[in-house]
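Subject: Structure handover

Hello,

Here is the structure for your files, with notes on what was found in it below.

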Amino acid sequence: MKYRKLGETGLDVSILSYGASSLGSVFREINEKEGMKAVHTAIDQGINYIDVSPYYGLTKAETVLGKAIKDIPRDKFILSTKAGRYGENEFDFTKKRIMTSLEESLQRLQTDYVDILLLHDIEFGSYEEVIEEGIPALQQLKEQGKIRFFGVSGLPLHIFEKVLDQEDLDVILSYCHYSLNDTSVLSLLPLLEKKNVGLINASPLSMGLLSSRPVADWHPASEEIRQTCKRAARFCEENGADLSKLAIQYSVQNEKIPTTLVSTASVDNITKNISWTDEPIDEELLKEVLKILEPIHNQTW
């Protein structure tokens, strides 16, 4: 496993990191013991960064993760969780709620601090509340030593530009914007470098689009995006390859992307994902797949 610097935090993060949303049965009903074993496997094989949120499985993911990491030395992994989003349409970025949210997360995670706390999906909340209450709450928690670093997460890239124009952050978490079909987060890199902000990239499979498995009904992508990604998956299959493998390799190979989060509650899957990062990418296959995906490049939802 390779490691890269996360902005100016001083943290060296594994290029592939573990997204614990699957532990909340977000994608499928999971076996709790296997989910915990997947976490142990990830850490044993070199992953040192784990991300979760109270929103995933409505606290289930944090609870299962807490059981999984309870007996692992705390200095063996970097842990981030989130605050502000608690249900499909439940957002609260007030200072009081952020403070109590972290306390609840620490109890579920069975630890006394998190390395990174992120305000979750800020584009859905009140921007004024995020700036006037949410970020000051993060600053206070950092001063108290309950978190080491803080930042925000969201889908639209302009939300990061807007916040960074007003506030100093340690990190941001961006998803679905550095993958085979969408590399638009690269446009943010000059700003992140100028402001010394670390980038956490999530969802190299574009929430399941870059896979041979059926795409979830709830996926917000347009029919054109879905069908084009399906064509890319079929092309890979016909050539004895796996689109998911290519997608993960593509996301982790860029030196400017410190870490990429993948989520699975399967021991086999996490083992496979980790081994792929050590294999050289098939450049010829990559060229053909990028050609297929070109019509939808940087299209979002």
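A charge counts as sitting over a ring if NZ of Lys or CZ of Arg is within 6 Å of the ring centre and within 35 degrees of the ring normal. Two conventions first. The model is predicted, so local features need pLDDT of at least 70 and side-chain atom pairs count only at pLDDT 80 or more, while totals for chains, interfaces and linings use all residues. Residues are numbered from 1 along each chain as its sequence is written, and side-chain values use heavy atoms, with hydrogens and water left out.

Charges over rings: arginine 85 lies over the face of phenylalanine 124, at 5.4 Å from the ring centre. Lysine 162 lies over the face of tyrosine 127, at 4.1 Å from the ring centre.

Aromatic pairs: there are three in the structure. Rings of Phe, Tyr and Trp (its six-membered ring) pair if their centres lie within 6.5 Å; planes under 30 degrees apart count as stacked, over 60 as edge-to-face and the rest as tilted. One of the pairs is tyrosine 55 with tyrosine 56, tilted because the planes stand at 50 degrees, with ring centres 6.2 Å apart. Both tyrosine 55 and tyrosine 56 are buried (under 20% relative accessible area; exposed is over 50%, partly exposed in between; 1.4 Å probe, protein chains only). Phenylalanine 91 and phenylalanine 124 have ring centres 5.4 Å apart and planes at 25 degrees, so this pair is stacked. It links distant parts of the chain, 33 residues apart: phenylalanine 91 is in strand E7 (residues 90-91), and phenylalanine 124 is in the loop between strand E8 (114-119) and helix H4 (127-143). Helices (H or I, at least four residues) and strands (E, at least two) are DSSP runs, numbered from the N terminus. Phenylalanine 91 is partly exposed, at 22% relative accessible area.

Barrel: eight strands form a closed barrel in the order E3-E4-E5-E8-E9-E10-E11-E12, with parallel pairing. Two strands pair if DSSP finds at least two bridges between them. Strand E3 (residues 16-19) and strand E12 (residues 259-263) pair in the parallel sense over four bridges. Leucine 16 has threonine 260 in E12 as its bridge partner.

Isoleucine 15: this residue is in the loop between strand E2 (12-14) and E3, and is buried, with a relative accessible area of 2%. Isoleucine 15 and leucine 261 are 246 residues apart in sequence, yet 8.5 Å apart in space, C-alpha to C-alpha.

Regards
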